[in-house]
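Hi,

Here is the structure I promised to pass on.

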Amino acid sequence: MRNAFVVLFVTAAVPLAAALGWFASQTAGFRQVSFQLHREVSGLAATTVARHLDVLEGRLEYLRQFYPALSQGAPAAAIVERIQRALRLNPDFLGMTLVERNGREVRRWANSPLMRNFGELERAAEPALARAASTGRPASALAALAQAPAVVAVHPVSKERFVCIAVSLEGLWNELSRHRVGAGGTTVLATSDGRLLPVPGMTLPRVQTHALKTLFESGDRGWSDRIPAPEGAYLGMFERIAGSGLSDWYALTLEPAAEIAPGGGRWLLIGGGFGVLLVGLSLAGAMLLAAPMSQLEAKLKRQLPDLATERELSLAKEEFFLSAAHDFRAPIFGIQGYLRLIEKSVDPEPRVKAYFEAVHQSCEKLTFFVQDILDSARLETGQLKLGVSAVAPRPLLERVQRLFGAMAAEKGIGLEVKVDAAVPDEVDADERLVERVFSNLVSNALTVVPKGGRISLAARPTDGQVEFCVADTGPGIPEGKQAVVFEKYTQLGGGRRGGVGLGLHICRKIVELHRGRMWLESVEGEGTRFFFTLPIRQIV
């Protein structure tokens with residue numbers, strides 16, 4: 001009887017061992033493919049974040065020119081207005097405060113209708129403010145502000161004063177959220193102390209902060225198959241964001257470990273006489289698991305080339321915009337800085353002052369060209385979001401009229417506003433972006449309308465929308481070019497304002513972001529009318 005039991009046990013154990021060996025090899029292969037997927041996704045995410053932060057740091061750098069004027073006393077009205085104008089050029093800058101070392105607020109600048117509670121900004125800035133005060137260097141903190149994930153950048157302007165700037169990272173988060181791993185996995189942004197970027201309205205993995213901090217201390221890139229969390233362990237790959245001066249940030253992929261771990265085998269040991277049943281269950285379980293594991297492994301392997309291609313395309317698409325931001329912006333700021341130093345050190349005659357003014361205007365023009373390029377990139381990638389508020393059409397058009405009135409009068413051009421009495425008092429829109437559309441259209445018209453000509457700004461209601469029109473009595477646009485005027489990098493010529501050919505493209509993108517439509521009507525020798533519609537109510 002004993003010998004029979006041994007024979008039966010060996011008979012059961014040999015195929016069982018073979019089944020377990022095959023199962024282990026399949027699991028190892030599956031984990032290897034999963035590891036490769038996490039490595040590709042984390043690398044792509046790190047590149048995406050690094051490029052986003054490079055552009056952001058360049059835009060923050062522009063504000064540094066105002067820091068000396070903020071170092072003591074109350075800021076002059078002219079400085080306050082110039083800072084507000086700089087913020088308006090950056091719609092994702094939620095707001096800015098000037099605070100003292102003890103946290104007392106000196107001045108605030110709101111740049112988003114959603115940024116109503118500056119107490120949230122100041123509380124979010126506290127840890128970064130403490131670091132900046134102790135080191136004398138810029139610091140940052142991740143936070144949820146104005147219903148969006150955000151970063152608060154703190155810059156010292158003196159030993160006792162600091163500028164705190166809140167910048168929405170919603171566009172960056174939307175891009176990161178597309179880099180998923182597995183059915184329940186995600187890609188997140190984390191700081192070196194293990195804190196994840198908070199996202200309003202979304203439940204992120206509750207991984208232990210201390211565990212992440214320890215993991216990040218192991219190097220610039222790493223992998224763990226057991227990151228603890230209350231809801232269960234996660235596996236993930238992290239990669240440090242290269243070249244970021246804002247902080248030590250990491251791109252981190254997280255996937256529930258249970259998703260790739262094989263289902264826990266439940267073995268029935270009912271006695272020696274059921275050894276054959278054990279063998280049968282082992283082989284059956286292996287066969288049942290073989291198909292889904294092979295399918296999942298094949299699917300992951302197919303994803304890897306796609307991710308590599310996506311990464312290459314992302315790098316290529318961003319290359320031009322980043323080159324423009326870095327290659328143009330830094331020299332422009334350098335010219336402006338040295339120009340201010342020269343102006344302070346000499347007392348130029350009127351003729352030389354005119355030269356200085358011409359250089360200033362040229363630098364400002366180049367700055368707007370670069371901003372057009374960056375804004376076009378943000379519109380293409382969905383990073384530019386609407387700050388919807390109630391906008392009154394008539395006051396908006398009259399403000400644009402006042403803005404360009406002096407220039408029009410100097411050129412002998414009439415600039416008028418016509419608003420239909422039936423136009424509603426308010427529409428839902430991003431006022432700053434809509435004003436930019438009007439400003440672009442009017443400034444273009446001023447370059448082509450001859451002396452004695454007219455430019456009109458009009459609004460009328462139509463089917464739950466408001467239709468706006470900017471009409472001019474200029475030379476018109478040739479019929480052959482009308483179909484491409486809204487394309488990127490299109491130059492119309494004919495005396496129109498020089499640029500990189502992005503103005504009208506950006507205008508149409510802004511209108512489409514509002515769920516509106518933009519088009520033109522033009523007759524050579526008679527003039528051009530640009531139309532666009534905005535829904536009276538936006539679905540937010």
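Where is the place of His 514? His 514 is in the loop between α12 (503-513) and β15 (518-523). One caveat before going on: this is a predicted model. Despite being in a loop, His 514 is buried, at a relative accessible area of 0%. Leaving aside residues up to four places away in sequence, His 514 touches Leu 386, Asp 428, Ala 429, Asp 430, Leu 433, Val 434, Leu 534, Pro 535 and Gln 538.

Next, the rings. There are eight aromatic pairs in the structure. One of them is Phe 216 with Tyr 250, which is stacked, with 4.2 Å centre to centre and 5 degrees between the planes. Phe 216 belongs to helix α6 (residues 209-216) and Tyr 250 to strand β9 (residues 249-256), so this pair ties together parts that are 34 residues apart in sequence.

Phe 238 lies in strand β8 (residues 234-240) and Tyr 250 in β9, so here the parts tied together are 12 residues apart in sequence. Phe 238 is buried, as is Tyr 250. Put together, ring pairs link Phe 216, Phe 238 and Tyr 250 into a cluster.

Arg 517 lies over the face of Trp 519, 4.0 Å from the ring centre. The charged end of Arg 107 sits over the ring of Trp 109, at 5.6 Å from its centre.

Now for helix α3 (residues 77-88). At 1.5 Å a residue, its 12 residues should span 16 Å, and the end C-alpha atoms are 17 Å apart, which agrees. Ile 79, Val 80, Ile 83, Gln 84, Ala 86 and Leu 87 are the buried residues to look at in α3. They cover an arc of only 160 degrees around the axis, which puts them on the same side of α3.

Last, the cysteines. Counting cysteine sulfur pairs within 2.5 Å gives zero disulfides. Cys 164 is buried at 2% relative accessible area, and Cys 507 is buried at 2% as well.

Cheers

Terms used:
Residues numbered from 1 in each chain as written. Predicted model: local features only at pLDDT ≥ 70, side-chain atom pairs only at ≥ 80, totals over all residues. Heavy atoms only, no water. Helix = DSSP H or I, 4+ residues; strand = E, 2+ residues; numbered from the N terminus. Expected span 1.5 Å × (residues − 1). Buried < 20%, exposed > 50% of the residue type's maximum accessible area, 1.4 Å probe, protein only. Arc of directions from axis to C-beta. Contact = heavy atoms within 4.5 Å. Phe/Tyr/Trp six-rings, centres within 6.5 Å; stacked < 30°, edge-to-face > 60°. Lys NZ or Arg CZ within 6 Å of the ring centre and 35° of its normal.
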